[in-house]
Amino acid sequence: MALTTLTVMGQVTNGAVNAATKYSVTDLGVFNPSGINNAGFVVGTGNVDGNHPHAVLYSHGQLRDIGILPNEDASYATGINDLGQVVGYSEPLSQPPFRKTHAFIYSRGQLKDLGTFLGNYDSYAYAIDNAGQIVGTTCCSSGSGAFLFSNGYVRNLGFLPGGSVSAAYAIKTQGQAAGYSSSSTQPDQAVLFDNGKVQDLGISSTLGYRYSMARGINRKGQIVGLMFNQNESGNYHPFLYSKGKVQDLSTTKYPTGAAYGINNAGLVVGSAETVSGKSVAILYEHGQLFDLNTLISPIPGLVLEEARGINDVGKIVSSGRYGNGSATHAFLLTPVPK
């Protein structure tokens, strides 16, 4: 599949920690990105067949359609590991009485149905580590539960006490996972799933937000995500959990937002809204929050709106558009050596 690639040099101009930092920006094509690995491979979802969303993989300069599972209409890629293995889910769009959405793994050019687990009829895979362990959620005939799929076996990751719903969105190499848990009486709470235990990150008790959800975790156990209150629909705040403490990453200039990814150096990426309501991709580095649009030379019409992942060499994958109403593109931001 042919791609239009644009490479532009950028430079920090707003007093960042390292004023000499530069980025190159590469347009990867028309799709919504969801993750990046340390080789710079990017996964996401695009309308590549002209009709339905399909999971896609960008690698070696090419955008590849991963396809869909048999008897399904659409697919979505949600995570990738350093081996290039991709996970996600495939589903029908016709909404049959019992909708069957199946988790998948894409490895060595083959798309494999992981099936359904724990007595349920739907499964969703969200992340995969370098050992091939997969996390996600399954629902809904016997409730929704976070799972860990490893070596052909599935384990229920559990819930907070009294909980009945959980999901895992991220995994670290030691098998720990991050996500949320809730019940009919307890709202969504960001949690760490750790060897049979489910730990509440304490966002409600420490920062006062009623709802929270973890979306990323690194090798050090630092966790990022979003939090909000019921009466603030859409008014999300990004958070960073590190060494037992939770920090609200929002600022006066960027009062709302969400954090989606964190690398092993502790750099955080996500999205935020300015006070005027403009959506921008963000980078949190060394205690400072930056609009990624200010870290590149301006490209006519381009606005980077949401950063979805960052790898260990600092490459960032972000979605953006050339002007209002245009198609969403995926962009790769690459730090340029001095």
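Let's start with one pair of residues. Ser 242 has Lys 245 as its bridge partner in β22. β22 pairs with strand β21 (residues 237-242) in the antiparallel sense, over four bridges. A word on terms. Two strands pair if DSSP finds at least two bridges between them. Strands (E, at least two residues) and helices (H or I, at least four) are DSSP runs, numbered from the N terminus.

Before going on, the ground rules. This is a predicted model, where local features need pLDDT of at least 70 and side-chain atom pairs count only at pLDDT 80 or more, while totals for chains, interfaces and linings use all residues. Residues are numbered from 1 along each chain as its sequence is written, and side-chain values use heavy atoms, with hydrogens and water left out.

Back to the sheet. β19-β20-β21-β22 is the order of an open sheet of four strands, with antiparallel pairing. β19 and β22 (245-248) stand at the edges with a single partner strand each, so one side of each has no neighbour in the sheet. From one strand to the next, the twist averages 30°. Angles run from 0 to 180 degrees between N-to-C directions, with axes as lines fitted to C-alpha atoms.

Now another open sheet. Four strands form it, in the order β3-β4-β5-β6, with antiparallel pairing. Which strands stand at the edges? β3 (32-36) and β6 (62-67) do, each with a single partner strand. Inside this sheet, five bridges join β4 (residues 42-46) to β5 (residues 54-59). One of the residues to look at is Gly 46, whose bridge partner in β5 is His 54.

Next, the largest pocket. A pocket is an open set of points on a 1 Å grid over the protein atoms alone, with protein on both sides within 12 Å along at least five of seven lines; lining residues have an atom within 4 Å of a point. Its volume, the space filled by probe spheres set on the points, is about 1100 Å³. The lining has 44 residues, and Ser 34, Gly 35, Ile 36, Ile 80 and Ala 127 lie nearest the centre. Elements giving two or more residues to this lining include β3, β4 and β19.

Then the largest cavity, where a 1.4 Å probe fits but cannot get out. The volume of the largest cavity is about 30 Å³. Its lining includes Arg 155, Phe 193, Asp 194 and Lys 197.

Last, confidence. pLDDT is the predictor's confidence in each residue, from 0 to 100. The chain mean is 89, and 90% of residues reach 70 or more. Over residues 1-20, pLDDT is below 50.

Conventions. Contact = heavy atoms within 4.5 Å.
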